[in-house]
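Welcome! Try each task before you read its solution.

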Amino acid sequence: MLGSISVSFRYVCFLFVFVFFSSSFETIAQELNQVSGQVFDGESGEPLPGAAIYWENEPSKGTVTDQNGFFWLPVGSLPNNLNISFLGYKLAARTFKDKNELVDLKFFLSPEEVNLSEVVVSERRQDYNVKSTAIGKNEISGDELRRIPALFGEVDLLRSIQLLPGVNTAGEGTTGLFVRGGSSDQNLIQIDGAPIYNPSHFFGFFSVFNPDAVSDVALYKGNIPANFGGRASSLVDISLKEGNTQKLKGSGGIGSISSRLTVDGPLFSEDASFLISARRTYADIFLGLSSDESLKDNQLYFYDLSGKLMWRNGEKNKFTFSTYYGSDYLGLAEQFGLGWNNWINSFEWDRQINDNLFLDVTAYYSFYKYRITVTDEDNGFDWSNYFSESGGKVALTYIPKENTELKFGVHSQLYYFAPVDLQFSDSANIQPFESTTRIGFQNSFFIAGNAELSEKLSVEAGLRWSAYQQIGDGVNYIYENGDPTIDGVVSDTLNYNFGERMQFFDGLEPRVAMRYLLTDGLALKGSYNRNFQYIQVASNSSAGLPIDRWIPAGKYIEPIRSDQVSVGVFKNLNNNKWELSLEGYYRDFRNIIDLKQNADVLFKDNVETEILTGDGWAYGLEFLLRKNVGKTTGWLSYTWSRTYRKIEGINKGLPYNPRFDRPHDLSLVLNHQINERLSLSGTFVYTTGVAVTFPVGSYVLDNQRLPIYDDYRNQSRFPDYHRMDLSLTLKNKDKGRWCKGSWNFSVYNAYGRKNPFSYEFTDIKNNDIKYDASDGLEVFSQRPGVVKTYLFGILPSVTYNFTF
């Protein structure tokens, strides 16, 4: 009874907010008198976000295009000239004499000659960081991404995001993101609206995103819009490029580790386009040429394919289909094999219903699979698993006037976690292990709006109601003490048929952000965000592994709840060429899980016996100074932050730091255009060492020294981490050829810092020899010691990039 009252109350709250927003915007709509249109790049045919639109006699009352190039502007007095400008493009102007001419407006801007004093690396409008309500949001354009020095000469999207304030890493060579105190599984990473569950290649050394196919990326770590949900910490929204609608083009690169190729162009007509991108490493080819028989038959590679189709059906409809497939494989001769695959598909339909109402429909499917094979007559096994998410989202956007927007819709998701399949060799005499199926079904309803209440005050508010249920086919275990973490003794099992409800959770997720202009170039912002997360990873590793086990909320595991408050000051300097921001945040977590000491979650169906639940909190300050225009561009970021967990049964019930707690994090990114052909890039990073648990002693068992740990977790730290990367790009002379190229010379870890990857506490042999009376032999003496492993010294790479 109480449950039904709670659900009904949430319905009433959501309906009240919906009616309030609808009635408010209906009143505003009655005053409608505006012009709308769309702005495109004249060469590629792609929409131009951030272009300035204004009437010539009222330049101070203009607007900018949205991410799809659309704009809305009050009509004003006619006749008049409508001007369209964008930095790096020629000014466009068109004269209108009466309102009948203001129908289905389209503008195609032509690029200007590149001026080295005004190199632009950001496609946002210049005052976006001050005038918008966005807080805790960072963007990187595809062009800016490709300028950053890279590991093995391969530009990496997620590693570039790690250079932004508020984002930590788990260590050297990993692409896992830890945003404002959240773990890596608390980030929603999506490609054109479709989530990806393992966004890495080579165990985290590379991310799955081919930089040539990426249009732009936005990181939301503060005020996540209400139309997104499902994760507790952040949203990484990645958009693939649309193909060029004017002519066939291509780009690619040949590197020391991998090569890539991207081709795009019109498809049948200027209303349709395609893009195909492929990338592959070839370490396995070099291994096959080795004279060392122990290496010759090994395999180590990854490849990925991505594509996008776009079709405009008339003036009002646009359809896009995006797909991605990636595969990794590590094989040691015929003895061991580990492989994993991602396959993602996304379909989007954008329709302009009228000048003020827009429909966005998205359907997607995300699939992930891994398999481990060990070939051994006595101890061999075959272990595989897969899981998927299918979903659909329908959103309506209503824009009654300039700087005012209302968005509402529904998002449905189906999670399917297949049983773990573990088969042993026939001679092992071990029964095969198979877990039960886990299925989750989630529906979310959202409504959000933003409006300028005055010249100084702008507000963005939203409400999301998420309703999740675990459904059959499945099993719930009943424990003798009612608590699976005490002794794990099962007294009974409850079996559920397909589609039958096993557990239900729901919650309201309010979101609000405000911006107040102190002066024309100085703003004060604040936001509050609540998020629920209904699936999470149970793993002994904080860095993220291909075999990580995702656990949906159920009878013994409640969804994560995250509440965040953030405030910030934003300032533009030197005529908007510089952006300066200082943000502070406090985040509270509920129902965070962690594993018991020596827990086993990979080979247990009832994983709740290995999991402990508690709370967490994080707080910090983030500083960002960014330059987007000029010969020298880049940013300087510094973050001071602390992250804590408090879970009964861990660290004697006292607060402790998770591994990714790093109080100090400094990043410097610089790009300098020396001349038209030569550019130099560099990054420098410095962070506090990760929190770890070191042994307090050791003992010898069967001639092997084993560590002893106390009951306290992560009381020690690795040494501080720092590194510098450098990159030099030399363009070939432009002789009017159809193919243009450039050479990139990169050095990762330029001064050879030996940052620790791991420490092993073991016996170390000395140089002196002593007599062992037990067996009458002379042996090297040994002592307890520590062996440090680091991954990279100075690592140079060369890549040839080309376009045609």
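**Exercise 1: A proline and its neighbours**

Pro165 touches Asn138, Lys221, Glu622, Phe623, Leu624, Ser637 and Thr639, not counting residues up to four places away in sequence; contact means heavy atoms within 4.5 Å. This is a predicted model, in which local features need pLDDT of at least 70 and side-chain atom pairs count only at pLDDT 80 or more, while totals for chains, interfaces and linings use all residues. Residues are numbered from 1 along each chain as its sequence is written, and side-chain values use heavy atoms, with hydrogens and water left out.

Task: where does Pro165 lie, and is Pro165 buried or exposed?

Solution. 
- Step 1: find the loop between H4 and strand S9 (167–168); Pro165 lies there. Helices (H or I, at least four residues) and strands (E, at least two) are DSSP runs, numbered from the N terminus.
- Step 2: look up the accessibility. Pro165 counts as buried because its relative accessibility is 3%, where buried means under 20% relative accessible area, exposed over 50% and partly exposed in between (1.4 Å probe, protein chains only).
- Step 3: compare sequence and space. Pro165 and Leu636 are 471 residues apart along the chain, yet their C-alpha atoms are separated by 8.9 Å.

**Exercise 2: The whole protein**

Task: how many helices and strands does the protein have, and what share of its residues is buried?

Solution. 
- Step 1: count the elements, which come to 6 helices and 50 strands.
- Step 2: turn to burial. Of the 804 residues, 51% count as buried.
- Step 3: look at the contacts between residues at least 6 apart in sequence; 65% of these join residues at least 24 apart.

**Exercise 3: An enclosed space**

Task: which residues lie nearest the centre of the second largest cavity?

Solution. 
- Step 1: search the whole structure, which gives 8 cavities of 30 Å³ or more. On a 1 Å grid over the protein atoms alone, a cavity is a set of points where a 1.4 Å probe fits but cannot get out, and lining residues have an atom within 4 Å of a point.
- Step 2: pick the second largest cavity, with a volume of about 220 Å³. Grid points are joined across faces, edges and corners, and the volume is the space filled by probe spheres set on the points.
- Step 3: list the lining. It has 22 residues, and Lys137, Asn138, Phe570, Ser581 and Leu624 lie nearest the centre. Two or more lining residues come from each of helix H2 (128–131), strand S8 (137–141), strand S37 (578–595) and strand S38 (611–627).
- Step 4: sort the lining by type, into 8 nonpolar, 5 polar and 9 charged residues. Here Ala, Val, Leu, Ile, Met, Phe, Trp, Tyr, Cys and Pro count as nonpolar, Asp, Glu, Lys and Arg as charged, and the others, Gly among them, as polar.

**Exercise 4: Nonpolar cores**

Task: which residues of the largest nonpolar core touch the most other members?

Solution. 
- Step 1: start from the definition. A nonpolar core is a set of buried Ala, Val, Leu, Ile, Met, Phe, Trp, Tyr and Cys residues joined through side-chain atoms within 4.5 Å.
- Step 2: examine the 37 residues of the largest core; Leu157, Ile161, Ile196, Phe209, Val236, Ile238 and Trp635 touch the most other members. Helix H4 (157–161), strand S11 (187–191), S15 and S16 each supply at least two residues.
- Step 3: look for another core. A second, separate one of 22 residues includes Tyr197, Tyr415, Ile535 and Val537.
- Step 4: Beyond four places in sequence, its contacts include Phe209, Tyr324 and Ile344.

**Exercise 5: A buried tyrosine**

Task: which backbone oxygen does the side chain of Tyr324 reach?

Solution. 
- Step 1: locate Tyr324 in strand S21 (residues 317–332).
- Step 2: check burial. Tyr324 is buried, with a relative accessible area of 5%.
- Step 3: trace the side chain, which reaches the backbone oxygen of Val208 at 3.4 Å.

Terms used:
On a 1 Å grid over the protein atoms alone, a cavity is a set of points where a 1.4 Å probe fits but cannot get out, and a pocket is an open set with protein on both sides within 12 Å along at least five of seven lines; lining residues have an atom within 4 Å of a point. A polar contact is a pair of N or O atoms within 3.5 Å; within protein, one must be able to donate a hydrogen and the other to accept it, and residues adjacent in sequence count only if both atoms are side-chain atoms.
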